[in-house]
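Visitor: I have a model open and some questions about how the inside is put together. Can we go through it?
Guide: Go ahead.

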Amino acid sequence: MKLEKLRVALDGPGGAGKSTVAKAVAAKTGLIYVDTGSLYRTVGLYMARHGIDAYDVEGIIAALPQVDIKLTYEDGKQCVSLCGEQIGDKIRTEEASYYASAVSKIPEVRAFLLDMQRSLGDAGGVIMDGRDIGTVIMPDAEIKVFMTATVEERARRRFREQQEKGIDVTFEDVLSSIIARDKQDSEREAAPLKAADDAIIFVNDGHTVETSAEHIIGLMQEYVAKNS
């Protein structure tokens, strides 16, 4: 099998750097990057905009038929549109993160997005990041990595991201948000956050984006060498 045909499942908690590292791996290998978390954030954004409480399960389920999400790729970058609007960084706020965690616990929301995610992985040549890629979305992926870091390190990373985007938030707010989301994601009944049984655990405290990406590319190269 060729390197550019592999399916890479990259799971882990919020703030582990999955999206940034996945983008770097894609850029270096030619894989298509699929950000599944953006789909849940987009569903959450729709609910927030329409005044539906994050824990109004019946209201969220009832609204799903009106949620029109489209994915396109421009210069290898995933772009998400919601009901015809390119939403960009509007899904990268703390509110969007809160809503994403809440709606992702609802089986009907997961089923709503499941076919879209699986179809993206079927052709191969993708790196997909999220919280249940190796366990639910691509359980037969050739490479499965569960990437994590200490909660303090993840909060520092997320805080820097928010600052760079000009978002007014405190470190304490980010830390408490990550702790709360970890709890929600790991305790939800539908596809809880956990490492696949055959996933490689990668604790990336002290790693840069570059060294994290190189670590994953190394795992890919090892797989190809063993299966050529």
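Visitor: Which residues does Val-109 touch, not counting residues up to four places away in sequence?
Guide: Tyr-40, Val-43, Ile-60, Leu-64 and Val-103. Contact means heavy atoms within 4.5 Å. This is a predicted model: local features need pLDDT of at least 70, side-chain atom pairs count only at pLDDT 80 or more, and totals for chains, interfaces and linings use all residues. Residues are numbered from 1 along each chain as its sequence is written, and side-chain values use heavy atoms, with hydrogens and water left out.

Visitor: How many residues has the largest nonpolar core?
Guide: It has 24 residues, and Val-43, Met-47, Ile-69 and Val-109 have the most contacts inside it. A nonpolar core is a set of buried Ala, Val, Leu, Ile, Met, Phe, Trp, Tyr and Cys residues joined through side-chain atoms within 4.5 Å; buried means under 20% relative accessible area (1.4 Å probe, protein chains only).

Visitor: Which element gives the most to this core?
Guide: α2, with six residues. Helices (H or I, at least four residues) and strands (E, at least two) are DSSP runs, numbered from the N terminus.

Visitor: What about the sheet: what is the strand order?
Guide: β3-β4-β5, an open sheet with antiparallel pairing. Two strands pair if DSSP finds at least two bridges between them. β3 (69-74) and β5 (85-86) each have a single partner strand, so one side of each has no neighbour in the sheet.

Visitor: How many bridges join β4 to β5?
Guide: Two. Ser-81 stands opposite Gln-86 in β5.

Methods
Buried means under 20% relative accessible area, exposed over 50%, partly exposed in between (1.4 Å probe, protein chains only).
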